[in-house]
Amino acid sequence: MRSIKVVSIAIFALALATAMTAAEENTYIGAAKCKMCHKVSFASWSETAHAKAFDKLKPEEQGNAECLKCHATGGSADMPGVQCESCHGAGSGYKSMKVMKDPEASKAAGLLAPDEATCRGCHEGAPHDQPEFNYEEAKKTGLHEFKTE
């Protein structure tokens, strides 16, 4: 009986390590790839201030890492705006239909469910003035079918 427990724990640990490694190795794929399956969410997001966040930067700020960490996905000017992966994590590990149809597999592959802390990461403590951030009010704005689960 003890050996079964040891083997079970070892299998669990291996699965957890594999999932963590997969999540750590994910790379950014860009909102255009997300759009292929999430058309409604993409359409509503594309009209938001998040989608246009990079455009608010002055030309001299568009190469500034301090600015890009919140105004571009992955801190890269090559991925302007607060795209899907800014909040949901780099998407290369969970872009397949098989993974996306299984919530647990998606999470294991690196999909993040944004929460208040995720939002506050950019909406508080920025090196510039910004409106006071109220998470509960922000959720009511309908940001691409904003859901917390």
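The model is predicted, so local features are described only where pLDDT is at least 70 and side-chain atom pairs count only at pLDDT 80 or more, while totals for chains, interfaces and linings use all residues. Residues are numbered from 1 along each chain as its sequence is written, and side-chain values use heavy atoms, with hydrogens and water left out.

Let's start with the overall fold. The protein has 9 helices and 0 strands, where helices (H or I, at least four residues) and strands (E, at least two) are DSSP runs numbered from the N terminus. Along the sequence, that gives the pattern α-α-α-α-α-α-α-α-α. Of its 149 residues, 24% are buried; buried here means under 20% relative accessible area, exposed means over 50%, and partly exposed falls in between (1.4 Å probe, protein chains only). A contact means heavy atoms within 4.5 Å. Among the contacts with a separation of 6 or more, 49% are between residues 24 or more positions apart.

How confident is the predictor? The score to look at is pLDDT, the predictor's confidence in each residue, from 0 to 100. The protein averages 81, and 79% of the residues score at least 70. Confidence is highest in helix α4 (residues 65–71), with a mean of 95, and lowest in helix α1 (residues 2–25), with a mean of 49.

Now for the inside. In soluble globular proteins, nonpolar side chains tend to be buried together. A nonpolar core is a set of buried Ala, Val, Leu, Ile, Met, Phe, Trp, Tyr and Cys residues joined through side-chain atoms within 4.5 Å. The largest one here has 5 residues: Phe54, Leu57, Cys67, Leu68 and Ala72. Leaving aside residues up to four places away in sequence, Leu68 touches Phe54, Leu57, Gln62, Gly63, Gly75 and Ala77.

Gln83 sits in the loop between α4 and α5 (84–88). Is Gln83 buried or exposed? Gln83 counts as buried, because its relative accessibility is 9%. Not counting residues up to four places away in sequence, Gln83 touches Gly30, Ala31, Trp45 and Thr73. Gln83 and Phe42 are 41 residues apart in sequence, yet their C-alpha atoms are 9.2 Å apart in space.

Next come the cysteines. A disulfide is a covalent bond between the sulfur atoms of two cysteines. In this model, a disulfide is called when a pair of cysteine sulfur atoms lies within 2.5 Å, and that rule gives 1 disulfide. Cys70 and Cys122 form the link, with their sulfur atoms 2.4 Å apart. This pair connects distant parts of the chain, as Cys70 is in helix α4 and Cys122 is in helix α8 (residues 116–123), 52 residues apart. The angle about the S-S bond is -95 degrees, making the link of Cys70 and Cys122 left-handed. Cys70 is buried, at 18% relative accessible area, whereas Cys122 is partly exposed, at 28%. Cys34 is in no disulfide, and the nearest cysteine sulfur, that of Cys84, is 3.9 Å away. As for Cys119, its sulfur is 6.2 Å from the closest cysteine sulfur, in Cys87, so the two are too far apart for a bond.

Finally, the charges. Side chains of opposite charge can pair when their charged atoms come close. A salt bridge is a side-chain nitrogen of Lys or Arg within 4 Å of a carboxyl oxygen of Asp or Glu, and the structure holds 6 of them. Arg120 pairs with Glu116 at 2.8 Å, N to O, and with Glu124 at 2.2 Å, N to O. Arg120 and Glu116 both lie in helix α8, 4 residues apart, or about one turn of the helix. Another salt bridge joins Glu136 and Lys139 at 3.4 Å, N to O. These two are 3 residues apart in helix α9 (residues 135–139), so about one helical turn separates Glu136 and Lys139. Through shared partners, salt bridges join Glu116, Arg120 and Glu124 into one network.
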